[in-house]
Amino acid sequence: GGRRGLHGQACTPVQGSLTMDAQSTADKVREVMFVDDAASRMLGMQVVEIGPGHAVLTMTVRVDMLNGFAVCHGGLIATLADSAFAFACNSRNALTVASGFDIDILRS
């Protein structure tokens with residue numbers, strides 16, 4: 001278990017990034033993390049923007065993602081938020097995991 005770097009070692013997402021600038025590091029982290037992120041890929045998420053300390057992900061809501069009220073299931077919205085948080089937190093190539101988060105879902 002645990003995250004493996006570019007060469008299979010348990011470590012930060014990207015090995016050998018000391019010579020990369022911050023944006024290049026974030027881009028490489030996105031590339032390496034997304035390959036192993038089966039859940040985000042399965043849900044159709046895309047990392048459309050990443051930089052040091054931030055990330056923007058999108059997810060197209062499919063019919064099989066709707067709850068009984070015909071809106072996206074809150075758990076899937078929380079999963080999208082969790083994935084965005086993971087990419088943002090790891091974008092500086094420091095292995096980071098969340099210990100928890102809260103989300104309030106409001107319908108307008």
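**Stop 1: Ser 40**

Select Ser 40. Is this residue buried or exposed? Ser 40 is buried, because its relative accessible area is 1%, and the cut-off for buried is under 20%. Keep in mind that you are looking at a predicted model.

Now show the cartoon around Ser 40. The residue belongs to helix α2, which covers residues 38-42. Next, display side chains. Which side chain does the side chain of Ser 40 meet in a polar contact? The partner is the side chain of Ser 83, at 2.8 Å.

Setting aside residues up to four places away in sequence, Ser 40 touches Phe 34, Met 45 and Ser 83. Leave Phe 34 on screen for the next stop.

**Stop 2: Phe 34 and Phe 87**

How many aromatic pairs does the structure hold? There is one. Phe 34 and Phe 87 form it, and the pair is tilted. The ring centres are 6.3 Å apart, with 45° between the planes.

Colour by secondary structure. Phe 34 sits in helix α1 (residues 22-36), and Phe 87 sits in helix α3 (residues 74-90). The two are 53 residues apart, so the pair links distant parts of the chain.

Phe 34 counts as partly exposed, because its relative accessibility is 22%. Phe 87 counts as buried, because its value is 0%.

**Stop 3: the hairpin**

Move to strands β1 and β2. Strand β1 covers residues 45-51, and strand β2 covers residues 54-59. How do the two strands run? They run antiparallel, joined by six bridges. Pick Val 47: this residue stands opposite Leu 57 in β2.

Go to the turn. Two residues lie between the strands of this hairpin. Click Gly 53 there: its phi is positive, near 85°.

Now look at β2 from both sides. Which residues make up its covered face? Select Ala 55, Leu 57 and Met 59.

**Stop 4: Met 59**

Centre the view on Met 59, in strand β2. Met 59 counts as buried, because its relative accessibility is 14%. Show what is in contact with Met 59, leaving out neighbours within four places in sequence. The list is Leu 43, Gly 44, Met 45, Met 65, Cys 72, Leu 76 and Leu 80. Met 45 was also in the list for Ser 40.

Draw a distance from Met 59 to Gly 44. Their C-alpha atoms are separated by 5.7 Å, although the residues are 15 apart along the chain.

**Stop 5: the whole chain**

Zoom out. The chain has three helices and two strands. In what order do they run from the N terminus? The order is α-α-β-β-α.

Colour by accessibility. Of the 108 residues in the chain, 29% are buried. The chain exposes about 6800 Å², and carbon and sulfur atoms supply 56% of that area. Among contacts with a separation of 6 or more, 45% come from residues 24 or more positions apart.

**Last stop: confidence**

Colour by pLDDT. The chain's mean is 87, and 81% of its residues reach 70 or more. Then select residues 6-10. Here the pLDDT is below 50. Beyond near neighbours in sequence, this stretch has 11 contacts in the model.

Definitions and conventions:
Residues are numbered from 1 along each chain as its sequence is written. This is a predicted model: local features need pLDDT of at least 70, side-chain atom pairs count only at pLDDT 80 or more; totals for chains, interfaces and linings use all residues. Side-chain values use heavy atoms; hydrogens and water are left out. Helices (H or I, at least four residues) and strands (E, at least two) are DSSP runs, numbered from the N terminus. Buried means under 20% relative accessible area, exposed over 50%, partly exposed in between (1.4 Å probe, protein chains only). A polar contact is a pair of N or O atoms within 3.5 Å; within protein, one must be able to donate a hydrogen and the other to accept it, and residues adjacent in sequence count only if both atoms are side-chain atoms. Contact means heavy atoms within 4.5 Å. Rings of Phe, Tyr and Trp (its six-membered ring) pair if their centres lie within 6.5 Å; planes under 30 degrees apart count as stacked, over 60 as edge-to-face and the rest as tilted. Accessible areas come from the Shrake-Rupley method with a 1.4 Å probe; for residues, only the protein chains shown count as cover. Two strands pair if DSSP finds at least two bridges between them. pLDDT is the predictor's confidence in each residue, from 0 to 100.
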